[in-house]
Amino acid sequence: MDRMASSMKQVPNPLPKVLSRRGVGAGIEAAERESFERTQTVSINKAINTQEVAVKEKHARTCILGTHHEKGAQTFWSVVNRLPLSSNAVLCWKFCHVFHKLLRDGHPNVLKDSLRYKNELSDMSRMWGHLSEGYGQLCSIYLRLLRTKMEYHTKNPRFPGNLQMSDRQLDEAGESDVNNFFQLTVEMFDYLECELNLFQTVFNSLDMSRSVSVTTAGQCRLAPLIQVILDCSHLYDYTVKLLFKLHSCLPADTLQGHRDRFMEQFTKLKDLFYRSSNLQYFKRLIQIPQLPENPPNFLRASALSEHISPVVVIPAEASSPDSEPVLEKDDLVDMDASQQNLFDNKFDDIFGSSFSSDPFNFNSQNGVNKDEKDHLIGQLYRDVTELKAQLGSMKTESQRAVLQLKGRVSELEAELAEQRHLRQQAADDSEFLRAELDELKKKREDTEKAQRSLTEIERRAQANEQRYSKLKEKYSELVQNHADLLRKNAEVTKQVSVARQAQADLEREKKELEDSFQRISDQAQRKTQEQTEVLESLKQELATSKQELQIVQGSLETSAQESECQLAKDQRRMLLAESRKAAEQVVREALRKLEEPTLISCAGSADHLLSKVKSVSSCIEQLEESWSRYLACPEDVSGLLHSVTLLAHLTSDTMAHVSTTCLRAPPEPADSLAEACKQFGKEILLYLAFLEEEGTQENDSTAVKSCLNKISTIAEELRPRGLDIKQEELGDLVDKEMAATSAAIETATARIEEMLSKSRAGDTGVKLEVNERILGSCTSLMQAIQVLIVASKDLQREIVESGRGTASPKEFYAKNSRWTEGLISASKAVGWGATIMVDAADLVVQGRGKFEELMVCSHEIAASTAQLVAASKVKADKDSPNLAQLQQASRGVNQATATVVASTISGKSQIEETDNMDFSSMTLTQIKRQEMDSQVRVLELENDLQKERQKLGELRKKHYELAGVAEGWEEGTEASPPALHEVVTEKE
């Protein structure tokens, strides 16, 4: 006992050292956790970025391994929540790709950790759905697919994220209940529909006429389709098997809808698989299966044996940690040995080498009881187990990396061999084509030589033929001479014989021959001279003939020129006549429209009318100048035709503006203006009629100008006298009114949103549906008006910058005070109309207003915005992009107004109950009585309508007078505001 006590005193207590080592272990765990989070953050940020390139597989694989390491997706969502997914479409698209991979290959707890963000994904999907171009629609559809996938796996937890199940597991998922199989098939159809929708949308967004799969942008869009193809192959296989199972339990008629839906999805999936397999990008990443030519026949149970499950093969792809490759036995033995050595070294580092043989000092205990020893032993065993797990994960990670690198090396070697084969093939093709080209060049040279030789032979043949003809003629002549000589030789022979017979007569004969030879020579000379004289005479006759031919050609050219001049003159006269007839037709059409105006809802102003009158006056002066030039030079007819056409169209526009101005003018000035316009149209027709007369030297335009002056005078009277403010304050007032109008629109939009919230809280059923539709259309109208106001500001700023020169904007507004006052009046009218419409909508939602009031307010806002557009575009350049944007915004306001009216009419028809007319139980006398009562009621209503119209006319007249006083017009002056809606006074 004493020896044991002394030994216990000598040996130090190991327990504090163990506890201190455990504190060091906790610090190491915290450092490892920090390193893990830092690694995951870097990988997630590299995988999900704004670059339009495909997600790199190594970054996505790191994210997947991270979920298996922490058994969830908390780190992933903590990093993703800091990314601006709602502001960058490419960033959101790549997030969807990575999240899809995690749902498929990540830890099963990824789905549970992601359910809390399902509503945020839905909101983001709706937000991106408002974009019709680029990645907006793609992100919206992809987010909808991910939400569907999460809901599907939540409802069916037996299905793993990668959808890989055996037939037995598929049967267990339905729990042997046909109702469960029926519902499961419907959910699979919905799931596959979302997958196909994304598939089709991605293909539609690509330009398939180019090799988009080799570009980074195309690969960015195509990369997520690998996950879609994997999901579609499994879903298609499961739907086929479930449909065969359902057909074995249920009648065929009950499953007709299932078969129709399957046929539609089968056709789409087959086409998309075929198109995907032809893309170069997919050929090296995935082997896409091809569906059968004909769909399965579910009405024949034996067809199930003919079904072949489509298998998608991804060469050298990294698998998830749940499906690691099986290691060989030797590797396991080596790993255990290495683990033991690593554990011994780590144990020595923690507890010291002296404890490796007797780690707990069993031989010399110093007071530690058995329970503490057991606790320490268990704790150490747990540490050893954890270290073994870490070592195993490191080993499997390294094994996986080696397998991946080997697969990548094999893939690169195959690609290199393919490229070498293609290069060799291209070199062979190039050599073959070069040889063919050389052969073709030789053939071409031989053909050219043969062609030249043939041409030379033909030329020589023609020359030989000509030479042969000449030689033939010469030969005939020589033959004739030879015959003559033979005859002469016979005569000479006879004479010689006679000379021999009569030697005495030789000298005499010789002399006679000499004399005859001399005579023949003289005759030959005379014939040569005669031929020379004949040749000279023929040359003189030829020269004379050439002179006569030149004279004839000159006379023909002169007659042809005269014919062309007459034809051109006739054509110019015909063009002038046709232009005059077209101009008269345009003016007559304008006069006809003036008699029956169809522009009741358009806004007309005296300022626009005056500008059109000035344009017509300038055109008449231009036409007179063109007529003078035409009389001086009839060939110059283009300017006259242009002036006639321009005058006709300007006259038509002026008459249209007169018609729209008369609609809002007082009765007397409106009648005078209409009469002056009609007289103007008639004078224009008479003026154009003078152009047809050939002898007319000058066209008298005095009557036309007199009518224009009369129209200008009336229009000047209808112009407003201006606002009662200082000229130098106009610029500030324009900005204030535009700002006030924008504020009024924003306030109206906020009120509409508030009314919509109240209606959703207090109303239900049809009333809630009607209120949501009406208030939604009102919100769209306010948004369209906001866009129009912004476009109007941009256009006004452009007008001021282009027209003020060196002056300030305030000086420009003061200089153009009439235009500025029109802008101010239009802005006030828009703001007042928005306020009135919101009040009317509030009453309608509360059930205390009339639908007709809301419709009238909508028309008033449309008229006010039309006035603002008209006032803004008066001084704008017709080719200005801001003007085009303003006109587009105006069309948007008109469409939104039509939507409000349509929603109001639809809501009114839904809420109001229509009495059913049942006349089956009434007698003939009762029907006759009811008919008479209805006629009396119709007459009363028509009388009331007539009275109300008269009252409306008086109100408008009084309104006009009050508006004149409010706008500062002079007393007793009957003038019209510059636009249609300036007669509406602002609500105080």
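**Notes on two helix pairs and the overall chain**

1. In this predicted model, the axes of helix α5 (residues 89-105) and helix α12 (residues 225-247) come within 10 Å and cross at roughly 35°. Axes here are lines fitted to C-alpha atoms, for helices over the stretch in contact, with angles from 0 to 180 degrees between N-to-C directions. Helices are DSSP runs (H or I, at least four residues) and strands are E runs of at least two, numbered from the N terminus.

2. On the α5 side, His97, His100, Lys101 and Arg104 meet Gln227, Val228, Leu230 and Asp231 of α12; contact means heavy atoms within 4.5 Å.

3. Now for the second pair: helix α8 (residues 136-155) packs against helix α10 (residues 178-204) at an angle of about 160°, their axes 10 Å apart. The two are therefore roughly antiparallel, a label for angles over 145 degrees. Residues making this contact include Leu138, Ile141 and Tyr142 of α8 and Leu184, Glu187 and Met188 of α10.

4. Stepping back, the protein chain has 28 helices and 0 strands. Of its 988 residues, 37% count as buried, meaning under 20% relative accessible area with a 1.4 Å probe, protein chains only. Among contacts with a separation of 6 or more, 79% come from residues 24 or more positions apart.

5. A friendly word on conventions: residues are numbered from 1 along each chain as its sequence is written, and side-chain values use heavy atoms, without hydrogens and water. Local features need pLDDT of at least 70 and side-chain atom pairs 80 or more, while totals for chains, interfaces and linings use all residues.

Definitions and conventions:
Parallel < 35°, antiparallel > 145°, perpendicular 65-115°, else oblique. Buried < 20%, exposed > 50% of the residue type's maximum accessible area, 1.4 Å probe, protein only.
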